[in-house]
Amino acid sequence: MRIDLKGDDELIRKLSGIKNLDFARKTVRKHGGNLQRTMKKNATPGLIFTKGYSRGETKRSISLEVFDSGLSVRVFPNTNYAPYLEYGTRKMEAEPFVKPSLDAIKDDFIKDLEKID
């Protein structure tokens, strides 16, 4: 499953001009961890996943991958059926856990990005 978010031109310009890369790396890592924790919390059986049978495999599969010299993270579920949970099917209503997690942490992430010199 892949959800790509694109920033507006102003944010991209700001990120490309960052001088304090250590602070940027710490900020990206911090909020990547926050996203992973929030996503795992949302993937807890009975919280969002209320339909069908859940044993917590999706929650346990959520990984965090750091790349681009620590300036990017990827947080993702490793179950092959995660997209069906997030978006639903014609026979199953969606039980989104990725987008709500992102929505929950994005404002704090943006505030911290604004502090970067």
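**Exercise 1.** Does Met92 count as buried, partly exposed or exposed, and what is its relative accessibility?

*Solution.* Start with the ground rules. We're working with a predicted model, where local features need pLDDT of at least 70, side-chain atom pairs count only at pLDDT 80 or more, and totals for chains, interfaces and linings use all residues. Residues are numbered from 1 along each chain as its sequence is written, and side-chain values use heavy atoms, with hydrogens and water left out.

Next, the cut-offs: buried means under 20% relative accessible area, exposed means over 50%, and partly exposed is in between (1.4 Å probe, protein chains only). Met92 has a relative accessibility of 30%, so this residue counts as partly exposed.

**Exercise 2.** Find where Met92 sits, and say which residues make a nonpolar surface patch with it.

*Solution.* First, the place: Met92 is in the loop between helix H4 (82–87) and helix H5 (98–114). Helices here are DSSP runs of H or I with at least four residues, numbered from the N terminus.

Then the patch: Tyr81, Tyr84 and Met92 make a nonpolar surface patch of about 280 Å². Patch members have over 30% relative accessible area and no salt bridge, and nonpolar side chains (Val, Leu, Ile, Met, Phe, Trp, Tyr) are joined within 5 Å, like charges within 9 Å. The areas come from the Shrake-Rupley method with a 1.4 Å probe, and for residues only the protein chains shown count as cover.

**Exercise 3.** Look at the salt bridge between Arg25 and Asp22, and describe both partners.

*Solution.* A salt bridge is a side-chain nitrogen of Lys or Arg within 4 Å of a carboxyl oxygen of Asp or Glu. Searching the whole structure turns up seven of them. In the Arg25–Asp22 pair, the closest N and O atoms are 3.6 Å apart. Both residues lie in helix H2 (residues 21–42), three residues apart, or about one turn of the helix. Arg25 is partly exposed at 28%, while Asp22 is exposed at 53%.

**Exercise 4.** Which residues are joined with Asp112 into one salt-bridge network?

*Solution.* Take the pairs one by one. Asp112 meets Lys30 in a salt bridge (3.0 Å, N to O). Asp112 lies in helix H5 and Lys30 in helix H2, so this pair ties together parts that are 82 residues apart in sequence. Asp112 is buried at 11%, whereas Lys30 is partly exposed at 44%.

Asp112 also meets Lys115 in a salt bridge (3.3 Å, N to O). Lys115 counts as exposed, at 54%. Put together, shared partners join Lys30, Asp112 and Lys115 into one network.

Terms used:
Helices (H or I, at least four residues) and strands (E, at least two) are DSSP runs, numbered from the N terminus.
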